[in-house]
Amino acid sequence: MRIMKGRALRATATAAMLAVFGAPVAAVELFYVSGAVGNAVENFKALVKPWEEATGNTVTLVPMPASTTDQFGQYRLWLAAGASDIDLYQTDVIWAPQLADHFVDLTEAAKDLAPTHFPSIIESQTVNGKLVALPIFTDAPALYYRKDLLEKHGKTPPKTWAELAETAKLIQDAERAAGNPDMWGFVWQGNAYEGLTCNALEWVKSHGGGQIVEPDGTISINNENAVAALEAAASWVGTISPEGVLAYQEEESRGVWQTGNAVFMRNWPYAYTLGNGDDSAVKGLFGVTTLPVGGEGNTSAATLGGWNVAVSKYSTKQEAAISLALYLAGPEAQKQRAINESNLPTIISLYDDPEIAAAQPIIPQWKDVFLNAVPRPSAPTLGKYNEVSAKFWSAVHSTLSGNGTAAENLELLEAELTEIKGSGW
Ligand code: GLC
């Protein structure tokens, strides 16, 4: 076999991409908005380069704040105003029902690509038969643990939240006494935003307390198991987790973790490759496992996350935008994202890709975790999900901050959700 090098290889790749994405008519510049954590902004340039070369078009990333809640607020304003200067939106898995009317139906364009993705993920982006966005990666969090510290102190990764708290305290105190006053037991996302909804849903569900609003629309959050879950979490603040955790999002927890100052961290898979980076104090020193359970008979719960790409109905460059969406949701871009950013692919066959497995062992290891992940109640609550989630994270944040007990706050929350629901979601 002749080995192609340099220009020949590029020309062949370009020809193949043109066959897929069509010859450029007149080059356009597309604007793509996306929130960014980790290295996403730097990596985006390299990610879209093959598509830019193949089509002659260019893509400009418009970076947004890291918080999905802040992004949602901004996107809703732009879309409501019919803003035509943004062509593509990177969308959270929970947004499809709320933003569906503003996006182009991608069913026809993705008719060959969509069947290569996990059907449940395509389903999550389908609203009344309209494919609102194409999945670019899925998400399910891990419990990150310091292998070296657990070994040193004769401990194993915890199976229950109580065991986590105990191990975290023991190692934190011992490491502080041994000369690291900055050591903490457990870091997570306690800020009042969507990330707290994800964390708290995991505590509640893994204590047998349901999923806030059940798939049939029933409001279930006011129950004893949910109370026990929130009480446990409130007891961590100021003991194994810094008070500041109440303002942490993903990147703040990763900051503490990556400087070597936490025994455990709850975070999404993107933190895996960054934690193993050359600038990380914990490079090679950590493992990942599933989140703990409340007790005997409960199962671990990971909230289902994930990101998609949607084409704005108000874009004046829809043809090029759809081509870019297909590329970003396709196998080449997903593979690159998996290898460089440890993002979980949504294309089934990539879980058997040896290069991905070698670069990011968490990916094949995490397939079953995300397939069993717990969805937030965005499907049953339809256009009201954001309000429901905001009420939930506020009730949780109050409880964690000592404003009212878990029982009081959940009782109030039930009344608020009942009012939002009215005669139906
Ligand atoms: C991750 C998830 C996303 C979730 C967010 C919360 O980005 O993929 O679904 O809403 O975290 O902070």
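How far is an oxygen atom of the ligand from an N or O atom in the side chain of glutamate 250? Select both and check: the distance is 2.6 Å, inside the cut-off for a polar contact (a pair of N or O atoms within 3.5 Å). Taken alone, the ligand exposes 310 Å², and the protein buries 92% of that (areas by the Shrake-Rupley method with a 1.4 Å probe).

A quick note before you go on: this is a predicted model, where local features need pLDDT of at least 70, side-chain atom pairs count only at pLDDT 80 or more, and totals for chains, interfaces and linings use all residues. Residues are numbered from 1 along each chain as its sequence is written, and side-chain values use heavy atoms, leaving out hydrogens and water.

Next, click on aspartate 92: a side-chain N or O atom there is 2.6 Å from a ligand oxygen.

Now show the whole shell. It has 13 residues around the ligand, and the closest include Asp139, Gly306 and Arg376 (near means a heavy atom within 4 Å). Colour them by type and you get four nonpolar, four polar and five charged, with Gly counted as polar.

Switch to cartoon view and pick strand S11 (305-311), which gives the most to the shell, three residues. Helix H8 (194-205) supplies at least two (helices are DSSP runs of at least four residues, strands of at least two).

Finally, colour domain 1 (6-140 + 305-373) and domain 2 (142-303 + 375-421): both give residues to the shell, so the ligand lies between them. Those bounds come from an automatic or database assignment.

Note on methods
Polar contact = N/O pair within 3.5 Å; in protein donor to acceptor, adjacent residues only side chain to side chain.
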